[in-house]
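Welcome! Take a moment to look over the model below, and then let us walk through it together.

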Amino acid sequence: MTAATAPQRRDYRAAIPPARVLGLALWFADTLGPGDIADPAELGAPQLDRDASRAYHLHLANLSASGMNLRIASRKLHATRAGAFAGRRFLVRLSLAGDGEPLSLLLLAEVRRDQRVEGGVELALEFIARGRFVRAARSLHLFPLRGRGVDRLAAVVCRECAQTAPASSAPGRAAPRAVAWYEALG
């Protein structure tokens, strides 16, 4: 096997148990103004999230270091034409339970493929930038990934592929200080 034929870490995908997905929220990036990403207060409520009271249901089908497949159960979306989402960009807030502290990420993702599935649509999203909270500036900034993927997601996927059981929280451990979601970005 040569370096050119060896599998890349972005080729590994894992199904993440729903209990490990603590949060999943999306904003249509084309609806955000230039300053909306910099100031987390300006983002407002997500346009898609895991709120059970909505007319749709989000399910993280699988995850890799460089993207994810997201299923959206919705009769209305199921009726959309194939390719309707191709090229759209989303700002994705993803929180996963793991060993120790939860992993919280803000990612800019682009739809590479969409297809109708029973009762909805499945989107293949590629992560193209990662949001980081810059404490000195008290603002969010997006940094391009340039096809590298997210290292901390690669670690999550590797653990899932190895079928290791998620660690349970240690008894008697003090609760961490409450921080705003954007301050906890991994």
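A contact here means heavy atoms within 4.5 Å. In the protein chain, 63% of the contacts with a separation of 6 or more are between residues 24 or more positions apart. This is a predicted model, in which local features need pLDDT of at least 70, side-chain atom pairs count only at pLDDT 80 or more, and totals for chains, interfaces and linings use all residues. Residues are numbered from 1 along each chain as its sequence is written, and side-chain values use heavy atoms, with hydrogens and water left out.

The protein chain holds three helices and eight strands; these are DSSP runs numbered from the N terminus, with at least four residues (H or I) for a helix and at least two (E) for a strand. Their order along the sequence is β-α-β-β-β-α-β-β-β-β-α.

Some strands that come up below:

| Strand | Residues |
|---|---|
| Strand 3 | 57–63 |
| Strand 4 | 67–73 |
| Strand 7 | 120–134 |
| Strand 8 | 139–144 |

Of the 186 residues in the protein chain, 42% are buried, meaning under 20% relative accessible area with a 1.4 Å probe, protein chains only. One to look for is Ser-64, in the loop between strand 3 and strand 4. Is Ser-64 buried or exposed? Ser-64 is buried, as its relative accessible area is 0%. The Ser-64 side chain also reaches the backbone nitrogen of Ser-66 at 3.2 Å.

Now find strand 7 and strand 8, which run antiparallel and are joined by six bridges; strands pair if DSSP finds at least two bridges between them. Arg-130 has Phe-143 in strand 8 as its bridge partner. Four residues lie between the strands of this hairpin, where Arg-138 takes a positive phi near 55 degrees.

Methods: Buried means under 20% relative accessible area, exposed over 50%, partly exposed in between (1.4 Å probe, protein chains only). A polar contact is a pair of N or O atoms within 3.5 Å; within protein, one must be able to donate a hydrogen and the other to accept it, and residues adjacent in sequence count only if both atoms are side-chain atoms.
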